[in-house]
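Please look over the two-chain model below. The report that follows covers confidence, symmetry, the interface and selected elements.

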Protein chains: 2
Amino acid sequence: MTVHGPGAEPGEHSFSEENSARVVIESLRNTRDERLKYVLTSLVEHLHAFVKDIEPSHAEWQQAVDFLTAVGQKCSDTRQEFVLLSDVLGVSMLVDAINNRRSTAATDTTVVGPFHMVESPRRELGANISLDGNGEPCVFAGQIRSADGTPLPGALVDVWQANGAGYYDVQQPDVQPERNLRGLFSADERGRFWLRTVVPRYYPIPDDGPVGQLLAVSGRHPNRPAHIHVIAEAAGHAALTTHVFVEGSPYLDSDTVFGVKRSLIRPVTVVDDPIRAEHYGVDAPFRLIEFDIVLDPLPGPDQR
Amino acid sequence: MTVHGPGAEPGEHSFSEENSARVVIESLRNTRDERLKYVLTSLVEHLHAFVKDIEPSHAEWQQAVDFLTAVGQKCSDTRQEFVLLSDVLGVSMLVDAINNRRSTAATDTTVVGPFHMVESPRRELGANISLDGNGEPCVFAGQIRSADGTPLPGALVDVWQANGAGYYDVQQPDVQPERNLRGLFSADERGRFWLRTVVPRYYPIPDDGPVGQLLAVSGRHPNRPAHIHVIAEAAGHAALTTHVFVEGSPYLDSDTVFGVKRSLIRPVTVVDDPIRAEHYGVDAPFRLIEFDIVLDPLPGPDQR
């Protein structure tokens, strides 16, 4: 005699190696949000295809669980190890590319990175953002234009970078002044911006965690070539997040987060011109990195 | 004049939406361990294909980072949220299936689950593993055989289960006695095992964390149908990890970790036979779950 009455039974197709993804996707049928349903369905398809390709042992599966756990546990208010993981696997750059399919005229984009965690202070054009003086003094200047070449007066330029030792202020709170090498500038009536800073140095991403171990076992270095981060915004235009890379820096051919695009590399030139020096508020000769930025106009009301 | 000398430049093919996976895979060329190289290459291929399929916004990418971070931070000595995530996405069952391609004669396998975290105490055949008496008393009995039908004397049977309230001992350290509903038994000279226990109850996997939220937004319940966990081992045979599921239990058709296989469902029968009752050390009538287990022999020295 059976004590329990007849209950629900597994369907025709219980779980097997062959139909695993289909069974899991079937369990998602009541997902209300259609976008979420699409994302989860695609995740299950790709994840199961990956597992079937590599055929992990139980020990390898456990290693994967341990690695992901260590990545999560390394995260804190000042450290985002999953962003680093996304960066070194090229996912961050891929998401950036997908979200920035723009005109050929517009400046190329690259990742925002993990160090834009504090707001840049408002500064006047020509201000010196190097508060610790660590690095070779340098002027950073350019013009913000629309795709058709029209200058964009009053465009905002948010700039942040590492110092001459390769560290951001937030990495060295006891060494660098607060908001060192950060500034938010408004372009002049001709869309021009200029500021004083130092030549940035290449640097390793934080590599004392599980992502650093992953780089080590895959024979990769943790370094990024020297760069200045820029976010440019102007009314009626798509905001743009990019870097300018320093020509000649080590690691331009092997940025560990895949952020380099050739179009974003600029030389540090030495300018011996007293008139330009006076305009920038420095003495001649001076070092200069020039970087013009082209923004795509947003579609007008009738094109939306 | 350029201050820095000519340095390394990005290769012919810098990162783009089209070639993203290829660029990242190229960065893995110095991975020494060939197996790791294969796994990482496959990971990058499938991960980039997934991202290209769903085309996440920056906000969605951030949501994914936040979710994975929350999963990692929920992990502790007594909670493994990434194992739960693997379970509810069907990955654990898929890894189980890949690692248990066995003969049709052998008992089907299923996942070990997260509650085999303490060793089962050695017990005599017929012992009662229900130390709290919470649930309907029941005998659990069966025979361990080789694929050709030969009984396996002295085979080991490791058993653990939830009580009549649906909780394992380790989930209720202040309520249940230590090692409640766990036991390690040696089969008799005819490969038979029997023990006293209670009928297990269905239960939810721990759903107060990010994995529980994922189930909720995808319209899934967190429950597993009632089951007893078994690991069976015998000399010269492949060890086998499985469950016996209770016929008639809710959720047999929708186990949230996809662990149910039809071949593993058994009824709770009521037996009114004084001779069998005496053999099991109980009074008639009594409840009985019978579950025979068939193990595959390991290849002999000449077939290895």
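## A residue in α5 of chain A

Does A:Ala97 count as buried or exposed? A:Ala97 counts as buried, because 22 C-beta neighbours lie inside 10 Å. The cut-offs are 20 or more other C-beta atoms within 10 Å for buried, 12 or fewer for exposed, and partly exposed in between, with C-beta atoms placed from the backbone.

A:Ala97 is part of helix α5 of chain A. Helices are DSSP runs of H or I with at least four residues, strands are runs of E with at least two, and both are numbered from the N terminus. Leaving out residues up to four places away in sequence, A:Ala97 touches B:Ser16, B:Glu17 and B:Ser20. Contact requires C-beta atoms, placed from the backbone, within 7 Å. A:Thr110 is 13 residues from A:Ala97 in sequence, and their C-alpha atoms are 7.8 Å apart.

## Model and confidence

This is a predicted model, in which local features need pLDDT of at least 70, side-chain atom pairs count only at pLDDT 80 or more, and totals for chains, interfaces and linings use all residues. Residues are numbered from 1 along each chain as its sequence is written, while chains are lettered from A and ligands numbered from 1 in the order in which they are written.

The complex has an ipTM of 0.89 and a pTM of 0.89 from the predictor. The average pLDDT (the predictor's confidence in each residue, from 0 to 100) of chain A is 93. In chain A, 94% of the residues score at least 70. Residues 1-10 of chain A stay under 50. For them the model has 28 contacts beyond four places in sequence. Where pLDDT is low, predicted coordinates should not be read in detail.

## Symmetry and interface

Chain B superposes on chain A by a rotation of 179° with 0.0 Å of shift along the axis, at an RMSD of 0.1 Å. That is the relation of a two-fold axis. B:Gly72 has the C-alpha nearest the axis in chain B, 1.9 Å from it. Both copies use the same surface: 100% of the contact residues of chain B recur in chain A.

The interface brings 84 residues of chain B into contact with 84 residues of chain A. On the chain B side, α2(B) gives the largest share, 15 residues. That side holds 44 nonpolar, 28 polar and twelve charged residues. Here Ala, Val, Leu, Ile, Met, Phe, Trp, Tyr, Cys and Pro count as nonpolar, Asp, Glu, Lys and Arg as charged, and the others, Gly among them, as polar.

## Helix α3 of chain B

The buried residues of α3(B) are B:Trp61, B:Leu68, B:Thr69, B:Val71, B:Gly72 and B:Lys74. They pack against α3, α4 and α5 of chain A, and against α4 and α6 of chain B.

## Sheets

In chain A, five strands form an open sheet of mixed pairing, in the order β3-β2-β7-β8-β9. β3 and β9 of chain A stand at the edges with a single partner strand each, so one side of each lacks a neighbour in the sheet. β8(A) and β9(A) pair in the parallel sense over two bridges; DSSP must find at least two bridges for a pair. A:Val246 stands opposite A:Arg266 in β9(A).

In chain B, β2 and β3 pair antiparallel over five bridges. Six bridges join β2(B) to β7(B), also antiparallel. B:Leu156 stands opposite B:Ser186 in β3(B), and its bridge partner in β7(B) is B:Glu233.

Notes:
Copies are superposed by least squares on the C-alpha atoms of residues with pLDDT of at least 70 in both. Two residues are in contact if their C-beta atoms, placed from the backbone, lie within 7 Å.
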